[in-house]
Amino acid sequence: QVQLVESGGGLVQPGGSLSLSCAASGRIFRINAMGWYRQAPGKERELVAMFTGDSTNYADSVKGRFTISRDNAKNTVYLQMNSLKPEDTAVYYCNARVKTRPWSPEPYDFWGQGTQVTVSS
């Protein structure tokens, strides 16, 4: 079993900043990818930022404003969000692709519970 615990959401004014954290724990053999998705009411879940190996990928809508980082020793990923806009309002979900056993042929997706980010004046 792998658990992803998120923290750092909240209410912020447009132009403000928030930092999110996600810590993975449990039976982890290897984390192949780890990062963030978000979902706003009535919209599809979308990729925000992701580590795949040592490479990073960002949604075009957040490039230049959001920065993903990680602490491999703590199995933790962070998302620094600057210059926030109302359209960034969503539930942000941590995602990790994890191999829980060395003999498993494919990694398995795990999801955090989600943390609300609201950008409003």
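Helices (H or I, at least four residues) and strands (E, at least two) are taken here as DSSP runs, numbered from the N terminus. On that basis the chain has 0 helices and 11 strands, and its elements, read from the N terminus on, run β-β-β-β-β-β-β-β-β-β-β. The radius of gyration, taken over C-alpha atoms, is compared with a globule rule of 2.2 Å times the number of residues to the power 0.38; the chain comes to 14 Å, close to the 14 Å that the rule gives for 121 residues, so it is as compact as a globular protein of that length. This is a predicted model, in which local features need pLDDT of at least 70 and side-chain atom pairs count only at pLDDT 80 or more, whereas totals for chains, interfaces and linings use all residues. Residues are numbered from 1 along each chain as its sequence is written, and side-chain values use heavy atoms, with hydrogens and water left out.

**Overall dimensions and surface**

- Taken along the principal axes, the box filled by the C-alpha atoms of the chain is roughly 50 × 25 × 25 Å.
- Accessible areas come from the Shrake-Rupley method with a 1.4 Å probe, and for residues only the protein chains shown count as cover; the accessible surface of the chain is about 6,600 Å², and 48% of this belongs to carbon and sulfur atoms.
- With buried meaning under 20% relative accessible area, exposed over 50% and partly exposed in between (1.4 Å probe, protein chains only), 39% of the 121 residues of the chain count as buried.
- Where a contact means heavy atoms within 4.5 Å, residues 24 or more positions apart account for 55% of the contacts in the chain that have a separation of 6 or more.

**Salt bridges**

- A salt bridge is a side-chain nitrogen of Lys or Arg within 4 Å of a carboxyl oxygen of Asp or Glu, and the structure holds 6 of them.
- Arg38 and Glu46 are joined by one of these bridges, at 2.7 Å from N to O; Arg38 is buried, with a relative accessible area of 5%, while Glu46, at 30%, counts as partly exposed.
- Arg70 and Asp54 form another, with their closest N and O atoms 2.5 Å apart. Since Arg70 lies in strand β7 (residues 66-71) and Asp54 in the loop between β5 (46-52) and β6 (55-58), the pair ties together parts that are 16 residues apart in sequence.
- Of the two partners, Arg70 is partly exposed at 31% relative accessible area, and Asp54 is exposed at 70%.
- Arg65 forms a salt bridge with Asp88, their closest N and O atoms being 2.8 Å apart. Because Arg65 lies in the loop between β6 and β7 and Asp88 in the loop between β8 (76-81) and β9 (90-99), this pair ties together parts that are 23 residues apart in sequence.
- Both Arg65 and Asp88 are buried, and a network of salt bridges links Arg38, Glu46, Arg65 and Asp88.

**Aromatic rings and charges over them**

- Rings of Phe, Tyr and Trp (its six-membered ring) pair if their centres lie within 6.5 Å, with planes under 30 degrees apart counted as stacked, over 60 as edge-to-face and the rest as tilted; a search of the whole structure finds 2 aromatic pairs.
- Tyr108 and Phe110 form an edge-to-face pair, at 5.1 Å centre to centre and with 65° between the planes; Tyr108 is exposed at 54% relative accessibility, whereas Phe110 is buried at 15%.
- A charge sits over a ring if NZ of Lys or CZ of Arg is within 6 Å of the ring centre and within 35 degrees of the ring normal; Arg45 lies over the face of Tyr93, at 4.1 Å from the ring centre, and also over the face of Trp111, at 4.6 Å from the ring centre.

- Leu79, in strand β8, is buried at 0% relative accessibility, and its C-alpha lies 6.8 Å from that of Phe66, 13 residues away in sequence.
- Beyond its neighbours within four places in sequence, Leu79 has contacts that include Leu18, Leu20, Trp36, Val48, Phe66, Ile68 and Tyr92.
- Tyr92, in strand β9, is likewise buried at 0% relative accessible area, and its C-alpha atom is separated by 5.3 Å from that of Gly114, 22 residues apart along the chain.
- Not counting residues up to four places away in sequence, Tyr92 touches several residues, among them Glu6, Arg38, Leu79, Met81, Gly114 and Val117.
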